[in-house]
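Dear colleague,

Please find below the structure that I am handing over to you.

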Amino acid sequence: MPSFQMGFLLKEDGLTSPVNLSRILALSSIIGIVGSFSFGWFYRTFSRWTIVLAMGLLSVGYVLIGLVHVISVEIAGIVISGFGAGFVIPYMVSRVLDRVSSEKRAQAVGFLLSAMFLGHFFNPLFVAPIRANFGNHAIFMITGLLLGAGGLAIALTTLISGQSGPRQMLRSAE
């Protein structure tokens, strides 16, 4: 979301230099690359809980961005959320590849990436009414709270079910 919405927020908070805006927006991608690169280690370490960690990092970063109108703190939120964002695509691809037969993997990954690109397309359309009614910071606050609630729901459901993690819980439901 930072690549689509962060420029509006930073401009609203006083950062108007196109060079500095582009550097900060690029930071989100760079941190996402670091997160994706380190996904293997985190997945080996946290296994089934990696998605909860990713959603927690996204949530904390977005809520921080939504709460504070200080550029340096917003940059910290970008770094935190960017690291979590770097986990999401590798995790989702791993989940898809785990769940489908080898004959259907190419199609399944194609559907996953199509869904991702649809999200990119619809992001500005869904966000525009929120921005118009509540402002740029509310977009990040609402998204952060929803991600936090989702991560908490996954964690609690997993713990209550007695499964060893979200991935195991999903497999047992099949």
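Predicted model: local features only at pLDDT ≥ 70, side-chain atom pairs only at ≥ 80, totals over all residues.

**Aromatic rings**

A pair of aromatic rings is described by the distance of the centres and the angle of the planes. In this structure, the count of aromatic pairs comes to eleven. One of them joins Tyr62 and Phe140, whose ring centres are 5.6 Å apart. Their planes stand at 75 degrees, and because planes over 60 degrees apart count as edge-to-face, this pair is edge-to-face. Tyr62 belongs to helix 3 (residues 50-67) and Phe140 to helix 6 (residues 136-161), so the pair ties together parts that are 78 residues apart in sequence. Both Tyr62 and Phe140 are buried.

Ring pairs also link a cluster, made up of Phe39, Trp41, Phe42, Tyr43, Phe46, Phe83, Phe87 and Tyr91. Phe83 deserves a separate word. This residue is placed in helix 4 and counts as partly exposed, at 21% relative accessibility. Leaving aside residues up to four places away in sequence, Phe83 touches Ile31, Val34, Gly35, Ser38, Phe42 and Leu57. Phe42, one of these contacts, is also named in the ring cluster. Along the chain, Phe83 and Ser72 are eleven residues apart, and their C-alpha atoms are separated by 17 Å.

Another ring, that of Phe8, has a charge over it: the charged end of Arg131 sits 4.1 Å from the ring centre.

**Helix 4 and helix 5**

How do helix 4 and helix 5 pack, and at what angle? Helix 4 (residues 71-99) packs with helix 5 (residues 105-134) at an angle of about 145 degrees, and the axes are 9 Å apart. The crossing of these two helices is right-handed. On the side of helix 4, the residues in the contact are Ile89, Met92, Val93, Val96 and Leu97. They meet Arg105, Ala108, Val109, Leu112 and Met116 in helix 5. By type, the residues of this contact divide into nine nonpolar, no polar and one charged.

Is Ala108 buried or exposed? With a relative accessible area of 15%, Ala108 is buried, because the limit for that class is under 20%. Ala108 touches Val96 and Val100, not counting residues up to four places away in sequence. Ala108 and Val96 are twelve residues apart in sequence, and from C-alpha to C-alpha they are 6.7 Å apart in space.

**Two further residues**

Phe121 also lies in helix 5. At 55% relative accessibility, Phe121 counts as exposed, whereas Ala108 is buried. The C-alpha atoms of Phe121 and Leu58 are separated by 20 Å, and the two residues are 63 residues apart along the chain.

Finally, Gln163 is found in the loop between helix 6 and helix 7 (166-173). Gln163 counts as partly exposed, at 25% relative accessibility. Between Gln163 and Leu67 there are 35 Å in space, C-alpha to C-alpha, and the two are 96 residues apart in sequence.

With kind regards

How values were computed
Residues numbered from 1 in each chain as written. Heavy atoms only, no water. Phe/Tyr/Trp six-rings, centres within 6.5 Å; stacked < 30°, edge-to-face > 60°. Helix = DSSP H or I, 4+ residues; strand = E, 2+ residues; numbered from the N terminus. Buried < 20%, exposed > 50% of the residue type's maximum accessible area, 1.4 Å probe, protein only. Lys NZ or Arg CZ within 6 Å of the ring centre and 35° of its normal. Axes fitted to C-alpha atoms, helices over the stretch in contact; angles between N-to-C directions. Left-handed = near helix turned anticlockwise from the far one by under 90°. Contact = heavy atoms within 4.5 Å. Nonpolar A, V, L, I, M, F, W, Y, C, P; charged D, E, K, R; others polar.
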